Amino acid sequence: MEQYVIKGGNPLVGEVKIGGAKNAALAILAAAIMTDETVYIDNLPDVRDINVLLQAIEGIGAVVERINRHTVKINGSMIRDINIEYEYIKKIRASYYLLGALLGKYKKAEVALPGGCNIGSRPIDQHIKGFRALGAEVKIEHGLIIAEAEELTGNHIYLDVVTVGATINIMMVAALAKGNTIIENAAKEPHVVDVANFLNSMGANIKGAGTDVIRIKGVEKLHKTEYSIIPDQIEAGTFMFAAAATKGDVTVKNVIPKHLEATTAKLLEIGCEVEEFDDAVRVVASKPLQHTHVKTLPYPGYPTDMQPQIAVTLGLSQGTSIVTESIFENRFKYVDELARMGGDIKVEGNTAIINGVQKYTGARVSAPDLRAGAALVIAGLAAEGITVVDDIVYIQRGYECFEEKLKALGAQIQKVSNESEIQKFTLKVG
Ligand code: UD1
């Protein structure tokens, strides 16, 4: 099991380049099998979730050709299996996108109920509601979701909750259904827009993505395309808070500043300076950080995937902050870990009450999930002394070259895999 060992206390300074959006890429890779022609996808992040999904896609017979670390060619003409194995599915949640992709293309799909980060109960009732509305019969048997349709027909679908996954999944199926579909109360996240743009580049007819009403005119079939994935706003936001928590000065490059507005607004509120460029943002934290309140909401609200990172930063800010998690109920699991580092956070239901402390002190902590893991690394970078973060496999699901990028900003961090490597690092950094 690999760990990160960190000697905290260095302000992060310099430039960091952000990769492609993991959550957009996962849906786009699944959607790529919806045509029999070859699809070329660029700006793919080289992270575990993506590689697992590519394996699953290969596993059902699609041809996956890795051109380089960030570029892949996919041809879905040879798919022979519409059943996705449990072993793959258990690892990543977004494998449910294969349900939409296969159902849309072959009118039949069998996918094991998804796994992914344990951040709360994650129902898929809205996905199922959408598939049924488009004419599919859906049943759950022996841990598999089985969806089948004689014909897929457009419909008017009102989502009961704003969900990224269901919006994208329904959009994929409707792209190849007969007639018109309207999705109301749709998610507006940048990756919903990216997937719609991708499908449109393959010949789909999707309008309104990025608003809460998406209109889809079904087409007969989709064709080849070349597409570059948008930058990852969560990776970018993570580095922005790492800059704030370590009192640093970091320019985060290759981003779309508009997608970072909720994060930028909070950084300004707590006393950072944020400078926006065309495709970069610079975060400077030269003054003492101040408290604030934040509530996670669907886009354009403050993202739930950025909740642990802001909480860890507010833990070092003056005064009392309140963080309310309104999307996933089990997303404060890092709080106990942070307490071991001297954090003063009390959780009541879906609210964390954070009393800012002067400093964190290094300790041995465990990453409970992807984003919370990244947040604990931020805490370690800001802390006095040595922090060891266990279970970094979660972090590797979504951050490419995390420690290399942090090192380039002046962090003292190393990936290790045993106690003697931890000791060596500790002796080296003194
Ligand atoms: C995606 C992201 C995840 C992010 C989340 C919210 C991927 C792979 N994951 O997850 O990182 O935290 O969006 O931005 O892209 N819900 C239902 N029924 C459903 C579907 C969802 O009740 O059928 C609820 C969920 O429990 C949650 C809320 O809707 O409370 C939002 O979930 P959703 O947007 O679907 O999240 P995911 O697509 O799973």
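Student: Which residue caps the N-terminal end of helix 8?

Tutor: The model is a predicted one. The cap on the N-terminal end of helix 8 relies on a side-chain oxygen placed 2.9 Å from the backbone nitrogen of I234. The residue that supplies this oxygen is D232.

Student: How many residues of helix 8 are buried?

Tutor: Helix 8 covers residues 233–245 and has 13 residues. Buried means under 20% relative accessible area. Helix 8 is largely enclosed by the rest of the structure, because the number of its residues that are buried is 13 of the 13.

Student: Is helix 8 roughly parallel or roughly antiparallel to helix 10?

Tutor: Helix 8 and helix 10 (residues 307–314) pack with their axes 9 Å apart, at an angle of about 5°. Angles under 35 degrees count as roughly parallel. Helix 8 is therefore, relative to helix 10, roughly parallel.

Student: Which side chain makes a polar contact with the side chain of N169?

Tutor: N169 lies in helix 6 (residues 164–175) and counts as buried, at 0% relative accessibility. Its side chain reaches the backbone nitrogen of G100 at 3.1 Å. The side chain in polar contact with that of N169, also at 3.1 Å, belongs to H127.

Terms used
Residues numbered from 1 in each chain as written. Predicted model: local features only at pLDDT ≥ 70, side-chain atom pairs only at ≥ 80, totals over all residues. Heavy atoms only, no water. Helix = DSSP H or I, 4+ residues; strand = E, 2+ residues; numbered from the N terminus. Expected span 1.5 Å × (residues − 1). Buried < 20%, exposed > 50% of the residue type's maximum accessible area, 1.4 Å probe, protein only. Polar contact = N/O pair within 3.5 Å; in protein donor to acceptor, adjacent residues only side chain to side chain. Axes fitted to C-alpha atoms, helices over the stretch in contact; angles between N-to-C directions. Parallel < 35°, antiparallel > 145°, perpendicular 65-115°, else oblique.
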